[in-house]
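Trainee: Could you take me through this model one feature at a time, giving the general idea before the particular case?

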Amino acid sequence: MPEAIDESFIAAVAALTARPRRDPELPLHDGTALTGARCLELFDSQLGSRHLDLAARRLGAAGVGYYTIGSSGHEGNAALAAALRPTDPALLHYRSGAFYVERARQVPGSTPLLDVMLGVVAAASEPIAGGRHKVFGNKALAIIPQTSTIASHLPRAVGLAFGIERARRLGIACEWPLDSIVVCSFGDASANHSTALGAFNSARHCAYQKLPLPLLFVCEDNGIGISVRTPPGWIENVYSGQSGIRYLAADGADLTDVAGAATEAADWVRTNRAPAFLHLRMVRLMGHAGSDVELAYRDPADIDADTRRDPLLGTARLLVEHGVRTPAEILAYYEDKRAEVAAVAERAAAAPGLANAVEVMAPLVTREPPARTVAATSDRLTLAQGINRALGDLLAEHREVLVFGEDVARKGGVYGVTRGLLRKFGAARVFDTLLDEQSILGMALGTGLCGFLPIAEIQYLAYLHNAADQIRGEAATLRFFSNGQYHNPMIVRIAAYGYQKGFGGHFHNDNAVGALRDIPGLIIASPARADDAAAMLRTCAAASQGDGRVCVFLEPIALYHTRDLHTEGDGEWLAPAGGQPVPLGSARSYGDGSDLTLVTFGNGVPMSLRVAQRLTERGIQARVLDLRWLAPLPVGDLVREAVRTGRVLVVDETRRTGGVSEGVLTALTDAGFSGTVRRVTSEDSFIPLGRAAQHVLLSEPAILRAALAMVDA
């Protein structure tokens with residue numbers, strides 16, 4: 001197939017008829033501003049992209065290339081790059097080779113052909129991912145690397161456009177010029193994904209409220225997603241009439257048409273600070289990727305029709321028919337570019353890859369943020385009050401902090417945790433979002449790239465799961481796939497776990513944390529009381545601000561307003577906010593018993609403390625270790641406290657399968673702990689409504705029975 005496309009282009013150009021020479025500084029024809037000279041430059045970018053695809057196939061066949069999803073048929077996006085500024089942040093579709101090459105032309109010193117080839121061979125010297133993946137990204141070109149998760153970058157694009165405007169409004173230093181626009185490209189198949197639909201809805205929601213959102217969506221519609229056809233006219237039918245997003249379209253095989261529509265779209269978005277949708281009708285040449293055999297699912301006539309619409313051939317015709325170059329000159333350019341790319345590919349193939357796990361994982365290394373002691377409050381607070389106080393302090397101390405989510409502003413949160421923050425800090429910094437977790441997290445992803453520290457709230461842990469890829473596939477990977485050049489500073493607050501009284505059922509009582517625990521580099525905090533919560537929130541903020549870390553802050557719902565520990569009115573679960581900092585991965589010890597160590601977190605902390613008191617009444621001395629951090633686990637503290645008693649009971653309110661106890665037991669085993677270890681957990685069950693929840697959630701009697709069994713054994 002690559003050879004067929006190559007040979008078809010050569011034959012078709014050779015069959016063209018030369019025309020009288022014209023001044024290349026003149027527009028190619030009436031109705032376009034594109035001159036012959038500029039068309040030649042764009043053609044050069046298109047040629048570079050095509051030969052990169054051909055070279056990638058050759059390297060793959062030789063066993064030294066690892067990525068063959070190409071841009072052939074999409075080279076019209078070179079004109080899109082030309083319509084933008086090189087400082088406009090771009091989140092690109094994976095068929096954006098010509099865009100990348102053309103944008104690099106606008107930045108002196110760039111080496112786009114070498115960049116792409118280094119990515120194909122997974123070379124450690126590749127300028128964005130450093131050999132970790134083949135992505136289109138470059139810090140100097142304002143191209144933010146994207147993963148292959150379908151449409152997952154669209155919510156971030158909305159957040160980024162929002163963030164640029166919010167930075168302008170609040171006077172926050174931003175990496176991007178404040179008159180920038182965001183460009184976000186994707187395929188026609190991706191446009192059907194729920195993540196994409198949520199992003200379009202979020203953009204319209206902003207536009208409807210007259211909130212500025214300088215965002216250009218670009219759908220590169222080649223009519224097929226791997227092997228599944230997009231119904232003809234589908235994209236236009238769905239997106240041409242949507243309110244709030246201006247629609248423009250162009251033939252991606254006609255460079256003048258793309259140049260005109262892209263320029264109009266970019267200028268309109270930049271002037272109006274409002275979203276637009278540019279629909280480029282493309283073709284896909286050479287299949288989905290190197291291993292794809294199109295004839296298995298496409299008619300030869302369809303493939304031939306796409307070949308005749310080759311955008312390189314369309315640009316060659318423009319140049320020949322308007323007297324800019326002869327067919328022979330076009331073919332000479334084509335072969336010269338082939339030789340240039342071949343030399344670059346040979347150089348790239350000799351470049352070394354990542355040598356070991358340490359090099360691969362370098363962007364994921366967690367660094368201890370600077371610690372700062374804060375004056376403790378004179379009053380003793382509940383968990384909810386402690387978090388509220390810490391949020392207020394962060395908003396007061398750091399102008400770049402934003403707090404947002406469902407019901408966080410006017411209502412002050414479902415549990416009152418953000419009460420009063422809107423009144424004190426204003427709607428530009430504390431605001432309600434629409435009811436869509438993907439959009440909430442996308443807002444955090446985007447504003448974090450604009451100099452902000454976003455603190456987003458997901459109303460319940462169960463609501464996170466339909467949007468978890470925004471953390472797993474986007475937030476956590478950006479640092480990895482940009483080799484630390486781009487960061488996602490953000491804190492995601494989540495009301496979590498079970499044990500709510502008088503309210504609940506599964507969707508308001510969820511104890512599933514497995515989907516978070518295995519995400520590399522993610523910081524997971526789980527405070528149980530006010531003083532820890534306030535200090536840990538500050539630690540998360542410092543880690544996000546100083547090192548760009550993504551932090552998840554799990555807040556036990558049932559402890560939000562808890563005041564007492566042992567008896568009604570004792571007030572022993574109240575604590576002052578502030579005081580000593582809580583370093584990442586540090587646990588908190590209660591008691592000095594020598595018979596048993598209860599290792600726990602969250603709701604398990606007060607339960608374990610009450611069980612420890614009952615054990616004391618039986619002459620058994622236990623100590624309690626609150627992990628506080630689920631990632632990174634406080635392994636040093638854990639092993640120390642385990643050794644002091646020789647017996648460890650892990651008290652885990654999450655599920656037996658995929659729960660926190662699995663990691664704790666493994667950590668003790670890896671550390672060579674030779675004592676006795678047991679665990680007691682909640683059941684592998686969803687949490688039902690009412691009293692039935694008591695049958696599947698971990699209980700104090702169950703903890704006590706397990707503890708007695710260990711000591712008596």
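Trainee: Which residues does threonine 477 touch, not counting residues up to four places away in sequence?

Mentor: Please keep in mind throughout that this is a predicted model. Beyond that span of sequence, threonine 477 touches Thr147 and Arg472. Threonine 477 is part of helix α18, and its side chain reaches the backbone oxygen of glycine 473 at 2.7 Å.

Trainee: Is threonine 477 buried or exposed?

Mentor: Threonine 477 is buried, because its relative accessible area is 15% and the cut-off for burial is under 20%.

Trainee: How should I read the pairing of strands in a sheet, and in what order do the five strands of the open sheet lie?

Mentor: Strands of a sheet pair through backbone hydrogen bonds, and they may do so in a parallel or an antiparallel sense. In this model the five strands of the open sheet follow the order β1-β2-β3-β7-β6, with parallel pairing. The edges are taken by β1 (90-91) and β6 (246-251), each of which has a single partner strand, so one side of each is left without a neighbour in the sheet.

Trainee: Which residues are bridge partners where β1 meets β2, and how many bridges join β2 to β3?

Mentor: β1 and β2 run parallel and are joined by two bridges, with leucine 91 having cysteine 184 of β2 as its bridge partner. Strand β2 (residues 182-187) is in turn joined to β3 by six bridges, again in the parallel sense, and here cysteine 184 has phenylalanine 217 as its partner in β3. On the way to β7 (residues 276-281), β3 pairs in parallel over six bridges, where the bridge partner of leucine 216 is alanine 276.

Trainee: Why is strand β3 described as largely enclosed by the rest of the structure?

Mentor: Seven of the seven residues of β3 (residues 215-221) are buried, and therefore the strand counts as largely enclosed by the rest of the structure. Leu215, Phe217, Cys219 and Asp221 point one way from β3, while Leu216, Val218 and Glu220 point the other way, and all are buried.

Trainee: What should I look for in a nonpolar core, and which residues have the most contacts inside the largest one?

Mentor: In soluble globular proteins, nonpolar side chains tend to be buried together. The largest nonpolar core in this model has 86 residues, and the ones with the most contacts inside it are Trp176, Phe217, Phe277 and Leu554. Helix α6 (residues 153-170) supplies the largest share of this core, namely eight residues. Another core, of 75 residues, lies apart from it, and includes Leu34, Leu84, Leu92 and Ala123. Returning to phenylalanine 277, its contacts beyond four places in sequence include Phe186, Phe200, Phe217, Cys219 and Ile235.

Trainee: How many residues of helix α11 are buried, and what covers them?

Mentor: Nine of the 11 residues of α11 (residues 311-321) are buried, and the helix is mostly covered. The covering elements include α1 (2-14), α2 (36-61), α9 (255-272), α10 (300-308) and α12 (327-349).

Trainee: Which residues have a positive phi although they are not glycines, and where is a cis peptide bond found?

Mentor: Most residues other than glycine have a negative phi, and most peptide bonds are trans. Against that background, alanine 151 has a positive phi of about 65°; alanine 151 sits in the loop between α5 (112-120) and α6, and it is buried, with a relative accessible area of 2%. Asparagine 483 likewise has a positive phi, of about 55°, and belongs to the loop between α18 (469-481) and β11 (490-496), where asparagine 483 counts as partly exposed because its relative accessibility is 36%. The cis peptide bond joins alanine 631 and proline 632, with omega about -5°, and proline 632 lies in the loop between β17 (629-631) and α22 (635-645).

Key. Residues numbered from 1 in each chain as written. Predicted model: local features only at pLDDT ≥ 70, side-chain atom pairs only at ≥ 80, totals over all residues. Heavy atoms only, no water. Core = buried A, V, L, I, M, F, W, Y, C linked by side-chain atoms within 4.5 Å. Buried < 20%, exposed > 50% of the residue type's maximum accessible area, 1.4 Å probe, protein only. Helix = DSSP H or I, 4+ residues; strand = E, 2+ residues; numbered from the N terminus. Contact = heavy atoms within 4.5 Å. Pairing = 2+ DSSP bridges. Polar contact = N/O pair within 3.5 Å; in protein donor to acceptor, adjacent residues only side chain to side chain.
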